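Please look over the structure shown below before reading on. The briefing is meant for someone meeting it for the first time.

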Amino acid sequence: MITALVAVLLVARMATVSISTESGMVFQPPKVVVERGDFVRWHHPGASVTHTTTHGLVDYVSTQCSHPLGLWDADLPPGGEFVRRFDDAPGLYTYCCKPHPNVTEAMVFVVRPTELAVSGDGPICDAFLVAGGAAGQQLVSFDNCSFGLD
């Protein structure tokens with residue numbers, strides 16, 4: 001059993017998302033693609049107010065992160081971080097910062113391990129195409145990805 005646990009820990013990767021305030025508050029990068037079972041780490045390197053990473057959608061009429069979907073909701077105080085393992089079904093997971101919803105909607109796309117056979121910190125992509133409807137979404141393609149290989 002210990003051998004199996006060690007094997008799982010060696011295979012899982014971590015993508016890091018930082019809060020940038022250089023040109024308004026944004027999650028950087030705004031899109032990450034990870035395999036099911038990988039981790040995403042949100043980090044607030046600044047010395048300003050507390051931000052959040054909240055699984056949900058931005059309501060652009062009220063400019064609120066008012067559609068929480070409930071998988072996570074974590075405060076990110078200055079210097080703080082939050083790490084979440086994405087054991088969820090493959091698909092698109094949007095999130096936002098509750099105090100700054102009008103500029104912060106971002107996303108994590110979880111793929112099956114066989115769809116992304118690359119080691120490293122997980123890819124960061126400029127763009128990816130998602131297909132599907134209510135029955136589910138699947139990754140069709142992604143472009144200009146940096147895989148953070150060491």
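This is a predicted model: local features need pLDDT of at least 70, side-chain atom pairs count only at pLDDT 80 or more; totals for chains, interfaces and linings use all residues.

Residues are numbered from 1 along each chain as its sequence is written, and side-chain values use heavy atoms, with hydrogens and water left out. The protein holds one helix and 11 strands, where helices (H or I, at least four residues) and strands (E, at least two) are DSSP runs numbered from the N terminus.

**Overall make-up**

- Along the sequence the elements follow the pattern α-β-β-β-β-β-β-β-β-β-β-β.
- Of the 150 residues, 36% count as buried, a term that means under 20% relative accessible area, with exposed over 50% and partly exposed in between (1.4 Å probe, protein chains only).
- Among contacts (heavy atoms within 4.5 Å) between residues at least 6 apart in sequence, 62% join residues at least 24 apart.
- The protein exposes about 8,100 Å², of which carbon and sulfur atoms supply 58%; such areas come from the Shrake-Rupley method with a 1.4 Å probe.

**The open sheet**

- Four strands form an open sheet with mixed pairing, in the order S2-S1-S4-S7, and two strands count as paired if DSSP finds at least two bridges between them.
- The edge strands, each pairing on one side only, are S2 (26–28) and S7 (81–85).
- Within this sheet, S1 (residues 14–20) and S4 (residues 39–43) pair in the parallel sense over five bridges, and Ala 15 stands opposite Val 40 in S4.
- In the loop between S2 and S3 lies Pro 29, and the peptide bond that joins Gln 28 to Pro 29 is cis, with omega near 0 degrees.

**Strand S8 and its partners**

- Strand S8 is mostly covered, since five of its six residues are buried.
- S8 pairs with S5 in the antiparallel sense over two bridges, and here Cys 96 in S8 is the bridge partner of Thr 54.
- S8 also pairs with S9 in the antiparallel sense, over five bridges, with Tyr 93 standing opposite Val 108 in S9.

- Leaving aside its neighbours within four places in sequence, Phe 86 is in contact with residues including Val 34, Val 40, Trp 42, Trp 72, Tyr 93, Val 108 and Val 110.

**A buried histidine in a loop**

- His 44 is placed in the loop between S4 and S5 (51–59), and this residue counts as buried because its relative accessibility is 1%.
- The side chain of His 44 reaches the backbone oxygen of Val 49 at 2.9 Å.
- Not counting residues up to four places away in sequence, His 44 touches Ile 19, Val 49, His 51, Leu 76, Pro 77, Pro 78, Gly 79 and Gly 80.

Definitions and conventions: A polar contact is a pair of N or O atoms within 3.5 Å; within protein, one must be able to donate a hydrogen and the other to accept it, and residues adjacent in sequence count only if both atoms are side-chain atoms.
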